[in-house]
Structures are given as structure tokens and as C-alpha cells.
Amino acid sequence: MTKQFKLVKRVAMLLLLCLFLMPQQAEAQRKKKKRKKDDKTEAAAPVPKKPKVKSISDLVKKSKKIEGLFTIYQDTVTGSLQMVVSEDQLGKEFIHFSQIANGVTDAGAFRGSYRGSKVFKIKKYFDKLEFATQNTSYYFDPSNAISRSKDANISEGIMATAKIEAHDKETGLYLIKADGIFLKETLSQIKPPRFPGQSPFAFSLGNLDKMKTKVNAIKNYPENTDMAVDYVYSKSSVLNGGSAAVTDGRNVSVTVHHSLIAMPNNDYQTRLDDPRVGYFLTQVTDQTDTGSIPYRDLVHRWHLKKKDPNAAISEPVEPIVWWMENSTPVEWRETITKGVLEWNKAFEKAGFKNAMVVKMQPDDADWDAGDIRYNVLRWTSSPNPPFGGYGPSFVNPRTGQILGADIMLEYVHFTNRVMYDKLFDLTTETKAFDPNDYMKDDKLFCSLGHVMHENTMFGQAVLAAANADDLEMERMKKEAMIALIMHEVGHTLGLNHNMKASHTLSPEELSNPEFIKGKCLTGSVMDYAGINLTKDKSKQGQFYDTSVGPYDVWAIQFGYTPFKNDAERNTLLNQSTKPELIFGNDADDMRAPGKAIDPRVMIGDLSNDQIGYSIDRIELVNDLMQNVKSKFVKDGQSYQELRRAYYILSGQRNIATGVISRFIGGVYVDRAMAGQQGATQPYTPVSLEDQKRAMNALAKYTFAPDAYNAPNDLYNYLALQRRGYNFFGGPEDPKIHAQVLSYQRNVLAHILHPNTLQRISDSELYGNKYSISMFLTDLNNAIFKADIYGNVNSFRQNLQLEYVNGLIAGLTGRQSSRYTHAAKSMMLYNLKTIRAMAAPSGNIASKAHKQHLRTRIDNALKEIK
Ligand SMILES: [Zn+2]
């Protein structure tokens with residue numbers, strides 16, 4: 001066949017096709033018209049027509065199916081979500097858990113922060129499905145008839161109601177629209193509420209923007225349905241757009257990982273809490289118990305089960321596996337692994353070998369660190385690090401079983417970047433770092449990283465001043481890392497803080513390098529202890545804990561030993577009176593003025609002689625201050641390093657005086673049960689000798705006219721490196737007087753706190769020999785006696801006025817009703833004594849000061865009448 005003929009044939013075929021098709025099209029047109037006509041007639045005489053019931057397959061035609069615990073369909077055009085719930089899932093319990101995948105610290109939402117877990121049920125109500133939160137705080141013994149009314153006055157929380165869009169009777173599946181469940185704050189609150197008293201100028205999120213909020217990722221597994229959602233908060237105008245980390249204050253994104261998890265179906269045994277050991281717990285009250293302690297508080301712990309139940313030590317069926325995120329600095333991986341595996345020593349005592357395992361996340365892993373199925377040691381270098389380390393876990397609220405955990409570590413730990421702007425903030429320069437600031441929002445939030453970082457910067461300053469070599473610097477940093485990792489891992493095993501543990505070794509033992517080698521320097525790595533630095537450099541050994549402590553081993557034994565009976569458990573618990581097993585947590589610690597009562601439960605302290613050790617620390621700082629300028633000023637550089645060293649050293653002195661102050665009016669607490677071997681009484685006041693010792697130390701190191709002597713020419717150099725307009729917010733000169741006064745004020749805030757003064761009077765009834773009159777007389781003398789008859793220097797003028805103002809406030813101020821009559825009488829007595837002492841004498845400034853004191857006292861006395 002020629003080419004030409006081929007072409008002719010094709011054209012002919014086409015023509016034929018056209019001829020064939022045309023009549024058919026014409027026919028179709030005619031039919032259409034006819035149908036229209038018919039429609040009209042139907043409208044005239046309507047016949048009831050049953051709307052077609054849509055099936056699940058009709059409704060998910062355009063959607064992508066993502067199969068898992070709750071199968072999700074995502075529309076391929078609009079992205080909107082539908083969710084499948086099966087009949088057999090109705091009425092069953094599930095767990096919801098959420099964590100922040102990404103956010104900004106300004107909004108209190110930062111990567112890796114856990115938002116807690118709760119139990120919910122899905123229930124059918126006519127044509128709707130309800131998502132209802134369940135209360136897990138109460139227990140009813142099922143054999144008790146009263147358990148039939150267990151729902152009385154305990155209401156559930158209906159988080160969402162969704163219309164059933166389709167129901168497949170054969171498969172028993174329901175389809176609902178799910179945008180309203182995941183794209184709103186239905187499952188958990190994300191935007192923080194406005195607290196009463198919060199400044200209207202504080203940063204805040206706008207309103208949740210429905211249009212901008214979107215699903216970022218969906219991952220579905222047989223046991224959990226995971227959804228990452230980008231919540232966008234918008235407002236048209238902002239007063240405070242947040243820190244530099246907030247890209248656009250009017251449009252702020254917070255990404256949240258939601259996980260819907262099947263209730264674990266295993267043979268996990270719950271374990272009830274005991275107040276002698278510090279575990280995180282889920283509080284449960286037994287409503288059918290007639291005793292005075294109806295507690296069934298569930299300890300948080302992993303489901304560890306022996307492979308060989310009869311072996312004294314066995315590997316667990318499933319170990320606790322830690323994955324090191326591939327972003328971990330390479331040079332630190334070995335040290336971090338060592339820190340995690342140290343806990344295996346404790347687990348061996350509880351009967352488990354290789355309970356903890358560390359693996360490396362491959363660089364090409366197909367899972368990300370936010371995946372709840374993996375416990376990950378994560379690294380970030382955030383603009384405003386909210387922590388140095390943070391070890392959260394989440395549990396099944398029904399049993400306390402830990403289902404997952406992560407450890408968040410901040411790169412700032414390796415840097416000399418000062419994390420807390422406050423320290424260098426020109427307008428609030430007077431305030432040193434206070435870990436308390438970081439604790440007030442979240443009781444379970446760990447600020448050890450901050451404390452450790454400050455400790456390490458202090459260590460660096462001390463070592464640099466002593467011309468230590470690089471090796472020693474490296475050793476200190478390595479020890480700090482191991483200690484930090486052990487602490488955060490401890491949290492993920494269920495342990496809370498033990499702020500009493502530092503009260504274990506003596507100062508002599510701590511300055512014996514051979515004795516402490518390879519040991520925990522306290523009873524537990526769960527403390528916020530001070531760094532171990534000896535004044536005599538030749539006695540310098542380990543700086544930090546390099547192994548878990550005796551308390552840690554014992555606590556793991558309590559939490560994880562497969563006890564055969566109650567007697568075994570009680571025998572272990574009865575060891576709590578051993579000195580190395582002492583325990584007190586955040587609830588008992590004395591970091592905040594006036595808060596607690598046992599001075600041993602404190603942060604930033606070390607050794608079983610806290611007063612002696614703190615005095616040593618203050619003297620170490622005072623020595624360093626003499627040479628700080630020559631050690632930290634380097635040619636060709638600004639004075640930033642000097643300034644940093646100065647504030648770090650001052651901060652350490654402040655911490656040490658705080659530790660000493662807690663002994664005044666202190667009462668030791670013993671958590672032992674009655675009749676326990678080695679138990680003392682629950683409350684024993686601090687001895688007169690120790691209270692006096694603390695008072696004398698404060699008189700010398702906090703209140704004395706020369707307490708804050710530093711070479712005056714140091715102040716000429718405390719300059720911050722300039723950057724752009726950074727002094728715009730306030731004048732840049734160092735505020736020395738205000739800084740010193742703030743340290744003194746910290747001490748006065750505790751020892752003159754209404755709670756402290758009330759306790760001094762009360763404890764006089766049960767053993768306290770340092771009466772309120774003795775204490776307030778000593779304090780008056782410490783603040784006035786040295787100079788009131790002569791010249792009063794500018795630091796002391798500040799202190800004396802501050803103290804007098806405090807006494808006046810106690811008598812006539814807004815808070816005066818909180819003080820006891822005994823305290824008020826002594827305050828009045830002291831004011832009159834001061835008035836008598838403050839006769840005008842000395843130089844003009846001193847005369848003016850004394851006149852000021854007298855005028856204030858006279859005016860106050862008039863008010864009292
Ligand atoms: Zn902690």
C-alpha cells in the first residue's frame with residue numbers, strides 16, 4: 001500500500017464515523033428536551049421521592065484512604081477529613097495524647113512539650129457520635145453495692161459531637177466529618193488562657209483562624225492514629241509581637257501532634273504509690289474505702305516483664321529503647337549513651353538486665369522524632385531555650401503505665417550563651433537568675449538544665465581563674481552532660497525530683513578525689529545540686545554525679561521489682577530511714593521564700609553541712625572577685641566575658657546565702673511511718689546552734705557593711721558589648737546598689753516571711769530554742785549595730801531602709817494581717833529600738849539617712865496608735 005492510499009483510507013473512515021455518530025447525537029438532544037418537558041409535568045403533580053441514602057463509598061470517592069486504628073479519608077481536592085468509627089469501637093475507652101511539634105516559646109508552646117493524656121469514649125446518640133472525656137480520678141470496689149452509683153456527681157466532658165454522614169450496616173462502620181475534631185481546639189486547649197493580673201502588654205496569640213489552620217501530616221497505625229495540625233492564630237493588630245523568634249506576631253503557627261491510642265490490652269500490673277519514694281503519679285481516690293487514707297495513687301512506670309520470671313536477674317521481654325536523634329552532636333554521642341545506660345545498674349538491683357537500650361536514629365529514617373512509638377533523645381537549638389533538658393513521659397491514665405517518653409536537650413548547654421535575657425536585661429539587671437521563674441508555670445517542668453548550665457559557667461569561671469588546662473574543662477563538661485542525661489532519663493522512668501538528696505556526703509568526702517571517684521555526689525541524680533568545687537584546688541575531684549545514687553537504685557527497686565507479696569515491698573520501703581535514702585521533692589523544697597520548712601530540701605546546695613559548704617562557696621566567690629578583671633579581660637575583645645563572669649559569680653553567692661537563710665525557723669521533716677526502724681518524729685526543729693550559725697553567717701556575708709566589697713575599678717568595666725540600638729530600653733550603666741540590695745532582699749523575704757515567723761513561734765512549743773525575740777534581736781543587731789553610731793555606707797543605707805520598710809509593712813501594710821501578734825510586737829519593739837539608735841551622727845549622708853529612718857518610723861508609729 002502506498003502512503004497516499006493510506007491517507008485516503010483514513011479520511012474515508014473518519015467521514016463514515018461522523019455520519020454514523022451524527023444521528024445518534026441528534027437523538028440524544030431530542031430525549032433531553034423531552035425529559036425537561038416531563039419534569040414540568042412531574043412538578044405539577046409531585047410524587048414523594050425518597051432521598052438516596054449515601055453510602056460510605058459514595059462519600060469518600062474523591063478521598064485518599066489512610067488506614068489505621070481510626071481510618072481517615074482526606075479529600076484530594078479540599079484536604080478536608082472524614083473519619084471512620086466501627087461499631088465495636090463504640091463505648092470502648094481510648095487514650096488521647098498531644099504534644100507540641102513546633103511553636104514559639106513566647107506562646108508557651110515549644111517543640112517536644114507534652115500536653116498530657118486523657119481517656120475518652122465514643123458514644124452513639126441517635127444520628128450522632130459523641131467524643132466524651134472520662135474521669136479517671138476515682139475507684140469503686142465492684143463488689144461493694146455502692147459502686148452501682150459510681151457515676152453520681154462525676155460528669156464526663158463531651159468534647160465533640162459529629163453527625164453520622166454514612167453507616168454501612170454490613171461492616172458496621174460509621175463515617176463522620178473530622179475537620180471539627182482535629183482542626184479546632186476540640187481535643188485539647190492550645191492557646192493559653194489569659195491569667196488574671198497578666199499585663200495587657202504581654203505577648204498573646206490571636207484567634208484561631210479556621211481558614212489558615214490545616215492538617216500537616218497524618219500517620220495511621222493499628223494501635224494509634226496520629227495527626228499533626230498547624231494551628232494558626234491571627235489578629236489584625238498587635239501591641240506586642242513577641243521575641244525575634246516570632247516571625248509574624250499577627251499570624252503565629254503552633255503545630256500539635258494528636259494521637260488517638262487504643263487502650264493497651266496487656267497484663268501490666270498497677271503499682272500503688274508510697275510517700276517515702278518520689279514517683280510521678282496519677283491520683284486516684286477509692287470512694288468505697290472507709291479508712292482515712294483512701295488513696296490508690298498509681299505510680300508511673302514502664303511495663304517491664306522478665307523474660308524468665310524465675311531468674312533472679314532476667315532481660316525484660318521488651319526493654320525500654322532510647323533512640324538518639326540523628327541531630328545529636330557527634331562528639332557527644334558516647335557520653336550521652338553512657339548517661340542513659342547508667343540506669344541499668346539500678347535496674348539490675350530490681351531484677352532486670354539490659355532494661356535500657358540505646359539505638360541511633362539512622363540519617364535516612366522513615367520516622368520522625370515526634371512519632372510516639374519511639375522514645376527519642378532529641379536536640380534543638382532554640383532562640384529562647386525554655387529548658388536545658390526536659391524529660392516528659394505520658395501514661396495510660398487508667399493504670400499509670402508509661403506509654404512513651406522523650407528527652408529534649410538544648411544545644412545551649414554547650415555554649416556560653418547566657419540563656420536568660422533577664423541576667424543582662426538593662427532595665428531589670430538587678431535580678432539574678434532564679435530557677436523559680438522557670439518553675440512557676442509548670443510544676444513538673446524540669447529546670448535542671450538551666451541550673452546545670454549556670455553551674456558549669458561558674459565552674460568554667462573558677463577553672464579559668466585557676467589557669468586550669470583544657471582537659472580539665474572538658475572533663476567538667478562531660479561530667480555535666482552525664483549528670484544531666486541521667487537526671488532527665490530518671491524523669492522518663494517515672495521519678496520526680498529529690499531535692500533532699502544532696503544532703504548525703506560530707507564536705508570532707510566531697511573534697512577527697514579518690515573517695516568520690518565514679519560516684520554520685522548526692523543520694524540521687526534527681527536533685528538540683530550545686531557543682532562540687534573545692535576552694536583548695538589540690539583537693540578538686542569530680543565536679544558532678546557520674547553514676548546513679550543509692551536513692552535512685554532503691555527507687556527503681558520500688559518501682560520495678562516484680563514483688564511476690566506485700567511483705568517484700570514493705571521490707572524495701574522500710575529502708576527509707578537510711579541516711580542515703582532521704583527524699584523530699586519540689587513540693588517540700590525551699591527555693592521560694594516562705595514556701596516550705598525543711599532546709600535540707602533545697603536547690604543549689606551540696607553536702608550534709610550546707611551552711612559550711614555555702615560559706616566556703618561565698619568565700620571562693622569573694623576571692624575570685626578580687627582577680628576577675630585580670631582573668632577575664634582579653635586584648636582586642638569587648639568586656640562581655642568579664643561582665644558574664646561577674647554576674648555568674650554574684651549569682652552563685654546569692655544562691656549560697658539563700659541556702660543558709662533557710663535554716664532560720666527551719667523544721668526537719670521525717671517521712672518515715674510510725675514504728676519504722678530508724679524513724680524519728682515527723683517534725684524536729686533545727687537546733688539552736690545551727691540557727692545561730694546561719695544567723696551569724698548571714699550577718700557576715702549578707703548584711704555586714706563590707707559584705708559585698710569588690711574592687712571599685714571593676715565596675716568601670718562591666719560593659720555589655722554593643723549591638724545596634726540595644727541600650728534603647730534603659731540606661732546601660734551597671735546598677736550595683738540595686739543588684740546588691742536584691743540579694744539582701746531575697747534573704748529578708750524568707751526570714752521575715754509571715755510563714756517563717758509564724759513557724760518560729762509555733763515550733764517554740766515543740767523544741768525550737770531560737771525564739772522569735774532572740775532571732776529578731778539578732779537580725780536587728782546584724783543590720784544596725786556595726787555602723788548606726790557612725791558613718792553608714794551606701795549599701796548599708798539601702799539595707800537599713802529596706803529592712804525598716806519591711807517592719808513597717810508587717811505592722812501596717814496590706815499584708816499585715818498575715819503576721820502573728822507575737823511577730824508584730826517584736827517588729828514594733830525593733831522599730832522603737834532603731835529609732836533610739838538612729839540619732840543623727842557621722843557624715844552628712846549618714847545624718848540624712850538616719851533622719852530618714854526616724855521620719856519613717858515616726859510616721860508609722862502615728863499610724864499604729
Ligand atoms: Zn528535673
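Proline 705 counts as partly exposed, at 26% relative accessibility, in a model that is predicted. Proline 705 sits in the loop that runs between α16 (688–703) and α17 (736–751). Although 87 residues separate proline 705 from valine 792 along the chain, the C-alpha atoms of the two are 8.0 Å apart. When neighbours within four places in sequence are left aside, the residues in contact with proline 705 are Ala786, Asp787, Asn793 and Arg796.

Two of these contacting residues, Asp787 and Arg796, are also partners of one another: arginine 796 and aspartate 787 form a salt bridge in which the closest N and O atoms are 2.8 Å apart. Arginine 796 is buried, with a relative accessible area of 1%, and aspartate 787 is buried as well, with a relative accessible area of 6%.

## The chain as a whole

The chain has 865 residues, of which 50% count as buried, and its secondary structure consists of 22 helices and 24 strands. Among the contacts with a separation of 6 or more, 72% are between residues 24 or more positions apart. The accessible surface of the chain comes to about 42000 Å², and 53% of that surface belongs to carbon and sulfur atoms.

## Confidence along the chain

The average pLDDT of the chain is 88, and 90% of the residues score at least 70. Over residues 419–444, however, the pLDDT is below 50, while the model gives this stretch 66 contacts beyond near neighbours in sequence. Residues 36–42 also stay under 50 in pLDDT, and for these residues the model has 0 contacts beyond four places in sequence.

## Helix α4 and what covers it

Which residues of helix α4 (residues 333–341) are buried? They are Thr335, Ile336, Gly339 and Val340. Seen down the axis of α4, these buried residues fall within an arc of 140°, so they line one face of the helix. An α-helix has 3.6 residues a turn, so residues three or four places apart point the same way.

The cover over the buried residues of α4 includes the strands β17 (320–324), β18 (356–360) and β19 (375–380), together with the helices α5 (343–349) and α9 (470–492).

## Salt bridges

Side chains of opposite charge can pair when their charged atoms come close. In this model the count of salt bridges comes to 35. One of them joins the side chains of lysine 535 and glutamate 619, with an N to O distance of 2.9 Å. Lysine 535 lies in the loop between α11 (513–516) and α12 (550–560), and glutamate 619 lies in helix α14, so the pair ties together parts that are 84 residues apart in sequence. Lysine 535 counts as partly exposed at 39% relative accessibility, and glutamate 619 is likewise partly exposed, with a relative accessible area of 25%.

In another pair, lysine 595 forms a salt bridge with aspartate 589, and the closest N and O atoms are 3.7 Å apart. Here lysine 595 is partly exposed, with a relative accessible area of 41%, whereas aspartate 589 counts as buried at 0% relative accessibility. Salt bridges also link Glu472, Arg475, Glu479 and Lys537 in a network.

## Two residues with positive phi

Most residues other than glycine have a negative phi, and most peptide bonds are trans. Asparagine 354 has a phi near 50°, which is a positive value in a residue other than glycine. Asparagine 354 lies in the loop between α5 and β18, where it counts as partly exposed at 35% relative accessibility.

Serine 607, also a residue other than glycine, has a positive phi near 80°. The place of serine 607 is in the loop between α13 (566–573) and α14 (610–632). Is serine 607 buried or exposed? Serine 607 is buried, with a relative accessible area of 0%.

## A nonpolar patch on the surface

Tyr683, Leu765 and Tyr766 make a nonpolar surface patch of about 360 Å². Of these residues, leucine 765 is found in the loop between α18 (754–763) and α19 (772–784). Leucine 765 has a relative accessible area of 73% and is therefore exposed, since that term applies over 50%.

Definitions and conventions: Residues are numbered from 1 along each chain as its sequence is written. Side-chain values use heavy atoms; hydrogens and water are left out. Patches are made of residues with over 30% relative accessible area and no salt bridge: like charges are joined within 9 Å, nonpolar side chains (Val, Leu, Ile, Met, Phe, Trp, Tyr) within 5 Å. Accessible areas come from the Shrake-Rupley method with a 1.4 Å probe; for residues, only the protein chains shown count as cover. A salt bridge is a side-chain nitrogen of Lys or Arg within 4 Å of a carboxyl oxygen of Asp or Glu. Helices (H or I, at least four residues) and strands (E, at least two) are DSSP runs, numbered from the N terminus. Buried means under 20% relative accessible area, exposed over 50%, partly exposed in between (1.4 Å probe, protein chains only). The arc is that of the directions from the helix axis to the C-beta atoms. Contact means heavy atoms within 4.5 Å. pLDDT is the predictor's confidence in each residue, from 0 to 100.
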